[in-house]
Amino acid sequence: MHGPATSGWLLVALCAVTGAYCLVRMRGGAGEQRGTAGGEALMGFGMAAMAVPAAAFTPPPWAWPVYAVVSGAAAVPALWAARAAAHHLHHLVGAGAMVYMSVVMAGTPAHVHGQGGSGIPLLTGALLLYFAGYVLLTGVRLVPVAALAGGAVGGGSSGWGDRPELTRACRLSMGIAMVAMLLTL
């Protein structure tokens with residue numbers, strides 16, 4: 001995941017802010033929403049930790065297996081929730097992608113990180129296609145219907161944690177970050 005330092009730090013900032021917003025959502029949510037927001041916060045902070053540029057910090061060899069175990073543990077609730085609602089499959093794919101990237105990074109020498117070609121090309125390509133499609137679909141869903149029709153967009157919400165457009169933007173940010181991380185794998 002370790003490409004150029006500037007883009008790495010931008011990716012760290014994007015993922016950390018997204019994780020923080022998910023914590024805000026988690027605090028204001030209830031039931032399933034709280035669990036989903038907590039999983040997304042874990043994913044955001046995990047992606048931020050994985051994206052730290054190698055020039056600033058090279059994780060010890062044991063860190064990548066720890067990332068894989070934590071991401072795998074995050075996949076269990078997503079797998080359980082996917083039995084009841086198909087929209088949780090995205091969380092399962094995201095957690096699986098994090099496990100995959102962690103395993104690849106664990107088996108790749110530190111001097112090769114960020115040069116590409118470290119993973120299994122077919123799996124990396126499939127994940128890239130999935131997340132690129134997810135980013136495009138989520139981006140389209142962020143465009144308000146009134147804006148598409150040429151009308152004014154209005155309405156308000158009571159708090160930061162219950163604004164659906166911010167939740168979609170949070171998920172879009174994590175999808176973009178996942179594409180960037182897969183490209184530098």
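A: The crossing of α4 and α5 is left-handed, a term used when the near helix is turned anticlockwise from the far one by less than a right angle, with right-handed for clockwise. This is a predicted model, in which local features need pLDDT of at least 70 and side-chain atom pairs count only at pLDDT 80 or more, while totals for chains, interfaces and linings use all residues. Residues are numbered from 1 along each chain as its sequence is written, and side-chain values use heavy atoms, with hydrogens and water left out. Helices here are DSSP runs of H or I with at least four residues, numbered from the N terminus.

Helix α5 covers residues 121–142, and α4 packs against α5 at an angle of about 140°, with the axes 11 Å apart; the axes are lines fitted to C-alpha atoms over the stretch in contact, and angles run from 0 to 180 degrees between N-to-C directions. That makes α4 oblique to α5, since angles under 35 degrees count as roughly parallel, over 145 as roughly antiparallel, 65 to 115 as roughly perpendicular and the rest as oblique. From α4, the residues His90, Val93, Gly94, Ala97 and Tyr100 meet Leu123, Thr124, Leu127, Tyr130, Phe131 and Tyr134 of α5, where contact means heavy atoms within 4.5 Å. By class, this contact has 8 nonpolar, 3 polar and no charged residues, with Ala, Val, Leu, Ile, Met, Phe, Trp, Tyr, Cys and Pro counted as nonpolar, Asp, Glu, Lys and Arg as charged, and the others, Gly among them, as polar.

Helix α4 also packs with α2, at an angle of about 25° and with the axes 11 Å apart. That makes α2 roughly parallel to α4, and their crossing is left-handed. In α2, Thr36, Glu40, Met43, Gly46, Met47 and Met50 meet His91, Gly94, Ala95, Met98, Met101 and Ser102 in α4, and the residues of this contact divide into 6 nonpolar, 5 polar and 1 charged.

Within α4, histidine 91 is buried, with a relative accessible area of 18%; buried means under 20% relative accessible area, exposed over 50% and partly exposed in between, with a 1.4 Å probe and protein chains only. Leaving aside residues up to four places away in sequence, histidine 91 touches Thr36, Glu40, Met43 and Ala78. On the α2 side, the buried residues include Thr36, Glu40 and Met43, and the buried residues of α2 pack against α1 (5–28), α3 (63–82) and α7 (164–183) as well as α4 (89–106).

Key. Helices (H or I, at least four residues) and strands (E, at least two) are DSSP runs, numbered from the N terminus.
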